[in-house]
Amino acid sequence: MSESTTREERFAQGLEVMGQVAGGAAPQVLDALADTSPELGHQVVAWGFGEIYSRPQLPPRDRQLVTLGILTALGGCEPQLEVHINFSLNAGLTPEEIVEALLHSAGYCGFPRALNATLVAKKVFGERGLLPVGERPAPGTDVA
């Protein structure tokens with residue numbers, strides 16, 4: 001996005017990017033904030049997705065790995081982590097890769113936060129029929 005884009009254009013771009021990452025689901029954040037802080041919802045979409053997430057320097061899959069690590073390290077972000085685990089699956093990460101990223105985070109932010117994040121992932125995987133998570137062949141590899 002250029003600096004000359006309008007507020008409405010940034011929002012429209014953000015909605016498009018958010019829709020792609022969300023797998024076509026309606027942006028629930030807007031509904032959740034409509035009666036208390038619609039401006040915060042606007043900024044999440046326009047700035048978070050229209051300005052930051054849409055930058056070409058990192059593909060969505062890599063952005064989601066970063067996001068999972070940050071939300072795990074912060075702790076107390078389980079609702080946002082649930083959303084981003086879904087986004088991560090939509091962006092092409094496998095359950096095994098997500099589990100590995102959360103395991104990796106334990107060394108940097110501690111076991112309690114990694115455990116909490118993994119339990120959120122378990123919930124999402126269960127809802128999407130992806131349990132149990134095990135050793136599955138990587139996409140594009142043949143199994144003999």
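Helices here are DSSP runs of H or I with at least four residues, strands are runs of E with at least two, and both are numbered from the N terminus. By that rule, this chain has seven helices and zero strands. It's a predicted model, where local features need pLDDT of at least 70, side-chain atom pairs count only at pLDDT 80 or more, and totals for chains, interfaces and linings use all residues. Residues are numbered from 1 along each chain as its sequence is written, and side-chain values use heavy atoms, with hydrogens and water left out.

**The chain as a whole**
- Of the 144 residues in the chain, 28% are buried (under 20% relative accessible area, with a 1.4 Å probe and protein chains only).
- Take contacts (heavy atoms within 4.5 Å) between residues at least 6 apart in sequence: 63% of them join residues at least 24 apart.

**The nonpolar cores**
- A nonpolar core is a set of buried Ala, Val, Leu, Ile, Met, Phe, Trp, Tyr and Cys residues joined through side-chain atoms within 4.5 Å.
- The largest one has 14 residues, and Leu-81, Ile-85, Ile-98, Ala-121 and Phe-125 touch the most other members.
- H4, H5, helix H6 (95–109) and H7 each supply at least two residues of this core, and H7 gives the most, with five.
- Skip the neighbours within four places in sequence, and Ile-85 is in contact with Leu-68, Ile-98, Ala-117, Val-120, Ala-121, Val-124 and Phe-125.
- Another core lies apart from the largest one; it has eight residues, among them Met-18, Val-21, Ala-22 and Phe-49.

**The largest pocket**
- A pocket is an open set of points on a 1 Å grid over the protein atoms alone, with protein on both sides within 12 Å along at least five of seven lines; lining residues have an atom within 4 Å of a point.
- The largest pocket holds about 890 Å³ of space.
- Its lining has 32 residues, and Val-44, Phe-49, Val-83, His-84 and Phe-87 lie nearest the centre.
- By class, that lining comes to 20 nonpolar, nine polar and three charged residues.

**The cavity**
- A cavity is a set of grid points where a 1.4 Å probe fits but cannot get out.
- Searching the whole structure turns up one cavity of 30 Å³ or more, with about 40 Å³ of space in the largest cavity.
- Helix H4 (60–74), helix H5 (78–90) and helix H7 (111–127) each supply at least two of its lining residues, and H7 gives the most, with three.
- Among the lining residues are Leu-71, Cys-77, Leu-81 and Ala-117.

How values were computed:
Buried < 20%, exposed > 50% of the residue type's maximum accessible area, 1.4 Å probe, protein only. Points joined across faces, edges and corners; volume = space filled by probe spheres on them. Nonpolar A, V, L, I, M, F, W, Y, C, P; charged D, E, K, R; others polar.
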